[in-house]
Amino acid sequence: METKDIMTVSTSHGELHYYRDWDMYDGGIVMMDARTIRKYKELLNMSPDGDECGVFFAFSNEQFNKGYKRLIELGHIKEGDKICQDSVTGMYGTGRGITRFHEFYANRDKEIKNTCDPQEVYFYEWNNYETMYSWDGDTEAMRTVIHLFGIDAARGIYRVSGTVELDNLS
């Protein structure tokens, strides 16, 4: 077993100690005293209830018909009512339902911004995207940080393998 080279980085929530684990994770980052990553993971695992919102996802006529009937059963619409389609995701439902669905994620992201540490999120996503193996450095991890915290917070991140300038990511 090799000796761990423990490093320290200042974050918005204090100092964070970490090391690169070459024995078990091929250079993955291990945070020793992360304060907010548990909350981040908890928030990431949350998702809205499609039935409650009045939406469904369909990628075939059969799925569409089943979802449409489900909206009728749940009382969101009546037979023959027109519904909306989200042009990006394959989601269908009432206009209000689609809005509620997207608002859920917007509110979740606000909570992440208000409670989580951008540096911890960066390290987590750096591992999540298996950046130690990728050819594009920390591009996806930094895009996540920019999306959640903004470009100014991203400028304060200690980057492990930055290959793309921040201004080219936002």
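This is a predicted model: local features need pLDDT of at least 70, side-chain atom pairs count only at pLDDT 80 or more; totals for chains, interfaces and linings use all residues.

Colleague: Which residues of helix H1 are called buried, and what makes them so?

Modeller: Buried means under 20% relative accessible area. In helix H1 (residues 37-44), Ile37, Tyr40 and Leu43 are the ones that count as buried. They lie on the same side of H1, because the arc they cover around the axis is only 120°.

Colleague: How do you know that S1 and S2 pair?

Modeller: Pairing takes at least two bridges between two strands. S1 and strand S2 (residues 14-21) are joined by five bridges, so they pair, and they run antiparallel. Methionine 7, for instance, stands opposite tyrosine 18 in S2.

Colleague: Why are S1 and S3 said to stand at the edges of their sheet?

Modeller: The open sheet has three strands in the order S1-S2-S3, with antiparallel pairing. Strand S1 (7-11) and S3 each have a single partner strand, so one side of each has no neighbour in the sheet. On average, neighbouring strands here are turned by 40° against each other, direction ignored. H5 packs on this sheet, where it touches S1, S2 and S3, and its direction makes about 145° with that of S3.

Colleague: What makes S4 and S6 partners?

Modeller: Same cut-off, at least two bridges. Three bridges join S4 to strand S6 (residues 91-93), so the two count as paired, again antiparallel. Valine 55 stands opposite glycine 93 in S6. Helix H3 (residues 61-73) packs on that sheet, touching S4 and S6, and its direction makes about 165° with that of S4. H4 lies across S4, S5 and S6, at about 135° to S6.

Colleague: How closely do the axes of H5 and H6 approach, and at what angle do they cross?

Modeller: The axes of helix H5 (residues 118-128) and helix H6 (residues 139-149) come within 8 Å and cross at roughly 145°. The crossing is right-handed. On the H5 side the contact is made by Pro118, Val121, Tyr122, Glu125 and Trp126, and on the H6 side by Ala141, Met142, Thr144, Val145, Leu148 and Phe149.

Colleague: How do those contact residues divide into nonpolar, polar and charged?

Modeller: Nine are nonpolar, one is polar and one is charged.

How values were computed:
Residues are numbered from 1 along each chain as its sequence is written. Side-chain values use heavy atoms; hydrogens and water are left out. Axes are lines fitted to C-alpha atoms, for helices over the stretch in contact, and angles run from 0 to 180 degrees between N-to-C directions. Helices (H or I, at least four residues) and strands (E, at least two) are DSSP runs, numbered from the N terminus. A crossing is left-handed if the near helix is turned anticlockwise from the far one by less than a right angle, and right-handed if clockwise. Contact means heavy atoms within 4.5 Å. Ala, Val, Leu, Ile, Met, Phe, Trp, Tyr, Cys and Pro count as nonpolar, Asp, Glu, Lys and Arg as charged, and the others, Gly among them, as polar. Buried means under 20% relative accessible area, exposed over 50%, partly exposed in between (1.4 Å probe, protein chains only). The arc is that of the directions from the helix axis to the C-beta atoms.
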